[in-house]
Amino acid sequence: MEAQGEQLLQSLVDHEKAVLAKVERAKKEAADIIEKTQAEAAQILERARAEASDVAERLRAEAEQESAGVREEILERARAEVDRVEARARSNRKSAVKLVMDRVLP
């Protein structure tokens, strides 16, 4: 009976060692999975940051180009208005000189 008890006890000890070995393997596997997942997440994050930077640069360049176009359009309208005012001033120069002369030298 005692031999049977010792065999049963040894069997239990062996089973417990096997279970502990499985737990250790599972812990190692879980740690490996976590490490791999963290590395993948870091790569995804880096790619997302690079893509965001590229998009931001592209949008900045587009905005700058659009701004330059609008600025040039405004300048062209201002130049056209200056030309109209100068033309009107030239056409009214003789009348203005005559008016001044009439008022200054009556």
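**Note on a predicted helical model**

1. Ala50 counts as partly exposed, at 35% relative accessibility. The classes are buried (under 20% relative accessible area), exposed (over 50%) and partly exposed in between, with a 1.4 Å probe and protein chains only. Ala50 sits in helix α1.

2. Residues are numbered from 1 along each chain as its sequence is written, and side-chain values use heavy atoms, with hydrogens and water left out.

3. Helix α1 covers residues 2–104. Helices here are DSSP runs (H or I, at least four residues), numbered from the N terminus. The 103 residues of α1 should span 153 Å at 1.5 Å a residue; the end C-alpha atoms are 143 Å apart, which agrees. The expected span is 1.5 Å times one less than the number of residues.

4. Where does α1 bend by about 45°? The bend is at Asn92. The angle is taken between axes fitted to the seven residues ending at a residue and the seven starting there.

5. Ala3 also belongs to α1. Ala3 is exposed, with a relative accessible area of 52%. Between the C-alpha atoms of Ala3 and Arg71 there are 100 Å, for 68 residues along the chain.

6. Salt bridges come to a count of 10. The rule asks for a side-chain nitrogen of Lys or Arg within 4 Å of a carboxyl oxygen of Asp or Glu.

7. Glu24 and Lys27 are joined by a salt bridge, at 3.9 Å from N to O. About one helical turn separates them, because they are 3 residues apart in α1. Glu24 is partly exposed, at a relative accessible area of 48%. Lys27 is exposed, at 52%.

8. Asp32 and Lys28 form a salt bridge with an N to O distance of 3.2 Å. Both lie in α1, 4 residues apart, about one turn of the helix. Is Asp32 exposed or partly exposed? Asp32 is partly exposed, with a relative accessible area of 38%. Lys28 counts as exposed, at 54% relative accessibility.

9. Arg60 pairs with Glu64 in a salt bridge, and the closest N and O atoms are 2.7 Å apart. These two residues of α1 are 4 residues apart, about one turn of the helix. Arg60 is partly exposed, with a relative accessible area of 40%. Which residues make up the salt-bridge network with Arg60? Glu57, Arg60 and Glu64 are linked in it.

10. A nonpolar surface patch of about 470 Å² is made by Val97, Val100, Met101, Val104 and Leu105. Patch residues have over 30% relative accessible area and no salt bridge; like charges are joined within 9 Å, and nonpolar side chains (Val, Leu, Ile, Met, Phe, Trp, Tyr) within 5 Å. Areas come from the Shrake-Rupley method with a 1.4 Å probe; for residues, only the protein chains shown count as cover. Val104, one of the patch residues, is in α1. Val104 is exposed, with a relative accessible area of 57%.

How values were computed:
Predicted model: local features only at pLDDT ≥ 70, side-chain atom pairs only at ≥ 80, totals over all residues.
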